[in-house]
Structure formats: C-alpha cells, structure tokens
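Keep the sequence and the 3D view open as you read.

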Amino acid sequence: MTENKKNRIYERYPRFTLLLVAVIGILLVLVMAEVISRFFFPQWAPVTSERAKFWQFDSTLGWSQIPNKQAIFNHPDFSTQVAINSLGLRDREYSVERNQKKRMLVLGDSYGWGFGVNADEIFTEILEARHPDWEIINASVSGYGTVQEYLYLQQRGILLKPDLVLVLFNDNDFQDSVGITEYWYNKPIVSKIDDHYEITGLPVPPQTWRQRMDVYLLGNFYIARGLYFSLQLPVSLLEQLVSSPQPVLEVDSLDATGYVLGKMIALDQSNKMQTVVVQTPLSDVKHAAVETQCLKYAIPCLHLKEAFKANKNTKWHFEHDRHWNQTGHRMAADAIDAFLAQQGLWDKP
C-alpha cells in the first residue's frame, strides 16, 4: 500500500485508524508482558487451571467436572494428564450397576482428587490395586466442601450403591460450609434459621460475567494472576472505603460442618452403608469437632496427623504447594489400608 493510500485511509477514517492502532498496541504489550512473566515470574503460574479446564456450572453443587474431559494440568511443580470419565469423576469407567466386587465411594476435595499426581498415583488407586476384590470409586472434586460432598452423595453417589463411604476431611472444609462463594463459583452453604441449621442456596445461581472472566484469565495467563494478587489488597481496601458494610453471617463453622457430617452419616446408615472418616492433619480444635460426630454415631475415624508426623523427615508435599505428592499419597494409602484392616472392613461382607 502506497503512502498516499495510507494517508487517504487515515483522513477518511481517522478515529477508526487511531482506535485500531491503539488496540494492536495494547495487544502487543499484553503478549510481551505474558512472555516476560512466564520467563521471570514462574510463581505467577496459574495454579488453579483445573477450574478453567475441568469445571462446569452445576445448579446443585456449584460446580462439577465436565464428563469425558481430558487435558494437561500444568503447575510450577508438575505437569499431569487428567482424564474425567463419563460420570464426571477423575477415575476409570465404572458401571452404575454393581458386580460381584465390594464397592467403596470416596468423597473429598483436591487432596482426594489427586492435585499434582497422575491418576494411578492417587491413594484410591493404590488401595484398589492392593484389594482387587474392591471397586474404589473416587468422587473427590477439587474445591469441594462437606456440603457439596453430602449433596453429591444424596443425589448421585447413592445410585452407585457403595458398601462403604470414605469421607476425606480437610482443614478448609469448615469454612467451606459457611462461605457462599469459592474459587469464583457460587455454592450451597449451611445457614442458621431461627435455632436450627439448614442447607441453603439451592438452586445455586450461575456465575456472574465477572466470575467467569476471573476463572478464564486467572486459570490461563501468568500476567493476569500476577496482577490480580498484586492488586488484591489495595482494591480490597478501596472497596471497604467506598462500599457499605456487608452483614456478617453468624454461623459457627465447626457446628455447621458437624451438622452436615451428621446428615451424611445418617444418610449412609439409613441405606446400610458404612461411613469412615479420614482426616488430613487438622488443628486440635477441628480434629475434636470431627471426632465428636464420629463418637456420636459410632463410626471409625482416622486422623492422618500421626502417620505424617512419623515421617516428618520425608518430603510428602510439593515444593510450592501443600498438596500431597506421590510419596504423600503412598503414606496416606498405607495408613488408610492399615486402619481399614484394623477395623475389619476390608473383609466385611
């Protein structure tokens, strides 16, 4: 294109031309910033990319996994292949109908999901390989709390007719019971109505456009995550200055979580399913809250704190993340295996 033609285009469409040049310039700056971030700021890697790649909106649970989805889950500490089966679970295919094998259903969050390890390295797969007379179905979903696990069991998991339901309890399950949003998704919670607790927030409202944008940007781009967390504190302070104070939910997270766990145990017992609670290392207060429910309903309860303490010189988590690495999952599998054997549950008809 000659210089005269360029001048004529600019003279004819001056605003459009300037806008186009500005847009191209901004895109080039963003591309350069992303490239620089990936080289010089690896700590900005989108560690939550599983939310962008594998989650979908769910009006009951807040989010669930996309059936038959396969993708690479990248992190500064690992790169793993993740495959979701037709039931929306990170596990091999299982028939809903029972066969001659005994069946265990595992409910948990990212620790049970296998955050950072390959599918065959998750403690559930290790246990299943050791006990070929059992089907161990892993229904753990990254980010789930006890409320979501209970609702999944009530509406979907129970259709699998498990003999044993293993509930993996993590430290953040308590706050998850009363927090109305998590990871830019809305979700059901426990509320106190008059003098009793109830599960509320159903049906779960869809994500707002801002929540969807946050999930996409923070799950895929280094620069977006770096800027988000760099600006989070000043933006939060500014919002507190200009916005009206929000009402605080007067719900005790320990009591709320105990309420849901009690409902889950009661559901299992009414359907002749054995409940087992396995706690990741918890504080003494949270451990006592879980133990209270286990004692109330007379169900087996294992605290992994001692097993991990006994291996304190072993590196059982990732360098930049507290999730279990391959060694951590083997340690968990060993402790759970021995505990279930001690309780006589592996051989229970």
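Is the crossing of α6 and α10 left-handed or right-handed? It is left-handed. Please keep in mind that the model is predicted.

## The chain as a whole

Let's begin with the overall picture. The chain has 349 residues, and buried residues make up 48% of them. Its secondary structure comes to 13 helices and 13 strands.

Contacts across the sequence come next. Taking the contacts with a separation of 6 or more, 70% are between residues 24 or more positions apart.

Helix α6 spans residues 146–155 and is mostly covered, with 8 of its 10 residues buried. Those buried residues are Thr 146, Val 147, Gln 148, Glu 149, Tyr 150, Leu 151, Tyr 152 and Leu 153.

α6 packs against α10 at an angle of about 20°, and the two axes are 9 Å apart. Because angles under 35 degrees count as roughly parallel, α6 is roughly parallel to α10. On the α6 side, the residues that meet α10 are Thr 146, Val 147, Glu 149, Tyr 150, Leu 153 and Gln 154. They face Thr 257, Val 260, Leu 261, Lys 263, Met 264, Leu 267 and Asp 268 of α10.

## Helix α10 and helix α11

Helix α10 (residues 253–270) also meets helix α11 (residues 284–297): their axes come within 10 Å and cross at roughly 30°. These two helices are therefore roughly parallel to each other. Here α10 passes α11 in a right-handed crossing, whereas the crossing of α6 and α10 is left-handed.

Which residues of α10 meet α11? They are Leu 254, Gly 258, Leu 261, Gly 262, Ile 265 and Gln 269. Their counterparts in α11 are Val 285, Lys 286, Ala 289, Val 290, Gln 293 and Tyr 297. Leu 261 meets α11, and Leu 261 also meets α6.

Now for α5. Of its 8 residues, 6 are buried, so α5 is largely enclosed by the rest of the structure. The buried ones are Phe 123, Thr 124, Glu 125, Ile 126, Leu 127 and Glu 128. They pack against β5 (102–107), α4 (110–113), β6, β7 (164–169) and α13.

The axes of α5 and α13 come within 8 Å and cross at roughly 50°, which makes α5 oblique to α13. From α5, the contact is made by Phe 123, Ile 126, Leu 127 and Arg 130. From α13, it is made by His 329, Arg 330, Ala 332, Ala 333, Asp 334, Ile 336 and Asp 337. α5 passes α13 in a right-handed crossing.

The largest nonpolar core holds 81 residues, and those that touch the most other members are Met 104, Phe 123, Val 290, Leu 304, Trp 324 and Ile 336. Helix α13 (residues 326–342) gives the most to this core, with 7 residues.

His 131 lies in the loop between α5 (123–130) and β6 (134–138). Is His 131 buried or exposed? At 14% relative accessibility, His 131 counts as buried, because the cut-off for buried is under 20%.

Not counting residues up to four places away in sequence, His 131 touches Asp 337 and Trp 346. With Asp 337 there is a polar contact between the two side chains, at 2.9 Å.

## Two loop residues that touch: Thr 60 and Pro 188

Thr 60 sits in the loop between β1 (55–58) and β2 (62–65), and counts as buried at 16% relative accessibility. Leaving out residues up to four places away in sequence, Thr 60 touches Leu 151, Gln 155, Arg 156, Pro 188, Leu 202 and Val 204.

Pro 188 lies in the loop between β9 (185–186) and β10 (189–193). Pro 188 is buried, with a relative accessible area of 1%. Its contacts beyond four places in sequence include Thr 60, Leu 61 and Gly 62, along with Val 147, Gln 148 and Leu 151. Thr 200 is another of its contacts; Pro 188 and Thr 200 are 12 residues apart in sequence and 5.8 Å apart in space, C-alpha to C-alpha.

Conventions: Residues numbered from 1 in each chain as written. Predicted model: local features only at pLDDT ≥ 70, side-chain atom pairs only at ≥ 80, totals over all residues. Heavy atoms only, no water. Helix = DSSP H or I, 4+ residues; strand = E, 2+ residues; numbered from the N terminus. Buried < 20%, exposed > 50% of the residue type's maximum accessible area, 1.4 Å probe, protein only. Polar contact = N/O pair within 3.5 Å; in protein donor to acceptor, adjacent residues only side chain to side chain. Contact = heavy atoms within 4.5 Å. Core = buried A, V, L, I, M, F, W, Y, C linked by side-chain atoms within 4.5 Å. Axes fitted to C-alpha atoms, helices over the stretch in contact; angles between N-to-C directions. Parallel < 35°, antiparallel > 145°, perpendicular 65-115°, else oblique. Left-handed = near helix turned anticlockwise from the far one by under 90°.
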